[in-house]
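Hello,

Here is the structure I said I would pass on. My notes on what was found in it follow below.

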Amino acid sequence: MRKLLANESLSIGAGQAMSVTAPVAQTLQIMQGHVWVTVAGHGDDYWLHAGQFLNVAADSHVVIEAIKGNSVVQVQRQSSRLPAASARAGLGKPLGARPVAC
């Protein structure tokens with residue numbers, strides 16, 4: 001398992017999965033493709049398309065899988081101005097994205 005770094009871009013091949021940890025609160029912005037994301041301890045899984053994002057809390061274990069093609073996920077550190085409740089999917093608006101429905 002690897003740590004997510006702020007301002008890194010993850011390229012995930014079709015049908016491939018990546019297991020990562022978020023050492024700080026981060027936003028996963030889907031730049032290309034369609035991914036399935038699960039966050040340890042959450043009862044929900046997330047199916048995200050290009051233009052959507054997911055906010056994850058610090059110390060989260062996250063699994064991201066590319067669905068039906070290559071996907072690109074941009075990782076950004078969340079602003080310290082966001083309240084703790086924003087660690088759920090789609091709160092805030094990084095890069096002008098559309099939030100995922102919770």
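Threonine 27 is buried, at 6% relative accessible area (buried means under 20% relative accessible area, exposed over 50%, and partly exposed in between, with a 1.4 Å probe and protein chains only). Threonine 27 sits in strand E4; helices (H or I, at least four residues) and strands (E, at least two) are DSSP runs, numbered from the N terminus. The side chain of threonine 27 makes a polar contact of 2.6 Å with the side chain of asparagine 55. A polar contact is a pair of N or O atoms within 3.5 Å; within protein, one must be able to donate a hydrogen and the other to accept it, and residues adjacent in sequence count only if both atoms are side-chain atoms.

Please note that this is a predicted model, in which local features need pLDDT of at least 70 and side-chain atom pairs count only at pLDDT 80 or more, while totals for chains, interfaces and linings use all residues. Residues are numbered from 1 along each chain as its sequence is written, and side-chain values use heavy atoms, with hydrogens and water left out.

On confidence: pLDDT is the predictor's confidence in each residue, from 0 to 100. The protein chain has a mean pLDDT of 81, and 76% of its residues reach 70 or more. Residues 81–99 have pLDDT below 50, and this stretch has 42 contacts in the model beyond near neighbours in sequence (contact means heavy atoms within 4.5 Å).

On the overall make-up: the protein chain has ten strands and zero helices. Of its 102 residues, 43% count as buried. Among contacts with a separation of 6 or more, 70% are between residues 24 or more positions apart.

E1 and E3 run parallel and are joined by two bridges. Lysine 3 stands opposite threonine 21 in E3.

On the core: the largest nonpolar core has 20 residues, of which Leu28, Val37, Val62, Ile64 and Val73 touch the most other members. The elements that give two or more residues to this core include strand E2 (9–12), strand E4 (26–32) and strand E9 (71–77). A nonpolar core is a set of buried Ala, Val, Leu, Ile, Met, Phe, Trp, Tyr and Cys residues joined through side-chain atoms within 4.5 Å. Leaving out residues up to four places away in sequence, valine 62 touches Met18, Ser19, Val20, Leu28, Val37, Thr38, Val39 and Val56.

On charged pairs: one salt bridge is found in a search of the whole structure, where the term means a side-chain nitrogen of Lys or Arg within 4 Å of a carboxyl oxygen of Asp or Glu. Glutamate 8 forms a salt bridge with arginine 2, with the closest N and O atoms 2.5 Å apart. Glutamate 8 counts as buried, at 13% relative accessibility, whereas arginine 2 counts as partly exposed, at 33%.

Lastly, histidine 42 lies in the loop between E5 and E6 and is partly exposed, with a relative accessible area of 28%. Histidine 42 and serine 60 are 18 residues apart in sequence, and their C-alpha atoms are 9.9 Å apart in space.

Regards

Note on methods:
Pairing = 2+ DSSP bridges.
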